[in-house]
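The following paragraphs are meant to be read alongside the coordinates, moving from one element to the next. Please keep the model open while reading.

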Amino acid sequence: MLIKLIENQYPMMANCWLIYDEKSNEAAIVDTCAFDDKINTKKEIEALGCRVKYVLLTHGHFDHILGTYGIQQKYGAAVVCHKGDAAMLADAQLNLARINGAEDVFNPVKPDITVDDGDSIYLGDTEIKVIHTPGHTKGSVCYVIEDEKTVFSGDTLFCRTVGRTDFPGGSTEELKESLKKLLALEGNYRVLPGHNRETDLESERTRNIFIRRM
Ligand SMILES: [Zn+2]
Ligand SMILES: [Zn+2]
């Protein structure tokens, strides 16, 4: 299995992760950044010649979803999100595109699959588990690949910090409970967040000030 960050240099854009199962030739994109000829997502997908089966959204904020429409249209990928954020995918006010001046590049999307805590998505034989982690938004989720000891943490957990809770739908109390769920994963995991650099669960347990204060 190949897991890599697609290097997109748009300002304010979120990390866009590619998951590729070589055996089945199936791939998933975790959060989409944007999608056009200027960014690398298309290049990476076409270089691999993979079938993009899913867009796995960690939550509905505009910076994570702007490319979703394009990937859904071009590759027939099924868009996956938690039901709590489903309405955000089609509403520039709810997903903050309007207030950030990104409404002109936003295309509304309907999720093909809504997931909840404990659900699983498969790429080939590889299981991707869904953990519902509200706090940053109502419908924030993390995706866990046990086989790869990897968590896609969206805007819930970052390197040495945690997600903001001051946007509509945010809750510090819910975020704390969600972080506890992530910390309860046994052993160490690679943590691939929605912004900035990757980290791992063990170093966040000991060195993340917000978590240490919980
Ligand atoms: Zn974000
Ligand atoms: Zn966000």
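What covers the buried residues of H3? Before the answer, some conventions: this is a predicted model, in which local features need pLDDT of at least 70 and side-chain atom pairs count only at pLDDT 80 or more, while totals for chains, interfaces and linings use all residues. Residues are numbered from 1 along each chain as its sequence is written, chains are lettered from A and ligands numbered from 1 in the order in which they are written, and side-chain values use heavy atoms, with hydrogens and water left out.

Helices (DSSP runs of H or I, at least four residues) and strands (DSSP runs of E, at least two) are numbered from the N terminus. The cover over the buried residues of H3 includes strand S3 (26-30), helix H1 (41-48), strand S4 (51-56), helix H2 (62-65) and strand S5 (78-82), where contact means heavy atoms within 4.5 Å. The buried residues of helix H3 (residues 68-75) are Thr68, Gly70, Ile71 and Gln72; buried means under 20% relative accessible area, exposed over 50%, and partly exposed in between, with a 1.4 Å probe and protein chains only. Just after H3, Gly76 takes a positive phi of about 70°.

H1 can be described in a similar way. Thr41, Lys42, Glu44 and Ile45 are buried in H1. These residues cover an arc of only 165° around the axis, which puts them on the same side of H1; the arc is that of the directions from the helix axis to the C-beta atoms. Exposed residues Lys43 and Ala47 sit on the face of H1 turned away from its buried side, and the buried residues of H1 are covered by elements including strand S1 (2-6), S2, S3, S4 and H3. After H1 comes Gly49, with a positive phi near 65°.

Strand S2 (16-21) comes next. Six of the six residues of S2 are buried, so S2 is largely enclosed by the rest of the structure. In a regular strand the side chains alternate between the two faces of the sheet. Here Cys16, Leu18 and Tyr20 point one way from S2, whereas Trp17, Ile19 and Asp21 point the other way. S2 pairs with S1 in the antiparallel sense over five bridges, two strands being paired if DSSP finds at least two bridges between them, and Ile6 stands opposite Cys16 of S2. Five bridges also join S2 to S3, again antiparallel, with Ala27 in S3 as the bridge partner of Tyr20.

The hairpin of S2 and S3 has four residues between the strands, and Asn25 in the turn has a positive phi of about 65°. Ser24 lies in the loop between S2 and S3 and, at 29% relative accessibility, counts as partly exposed. A polar contact of 2.4 Å joins the side chains of Ser24 and Asp21; such a contact is a pair of N or O atoms within 3.5 Å, where within protein one must be able to donate a hydrogen and the other to accept it, and residues adjacent in sequence count only if both atoms are side-chain atoms. Not counting residues up to four places away in sequence, Ser24 touches Leu123 and Gly124.

S10 and S13 run parallel and are joined by four bridges, with Val191 of S13 as the bridge partner of Val151. Val191 in turn has Thr199 of S14 as a bridge partner, and S13 (residues 190-193) runs antiparallel to S14, to which two bridges join it.

In H4, Leu175, Ser178, Leu179, Leu182 and Leu183 are buried. The buried residues of H4 fall within an arc of 140° seen down the axis, so they line one face of the helix.

Finally, Asn208 lies in the loop between helix H5 (201-207) and helix H6 (209-213) and is buried, with a relative accessible area of 0%. A polar atom of the Asn208 side chain lies 3.2 Å from the backbone oxygen of Thr161.
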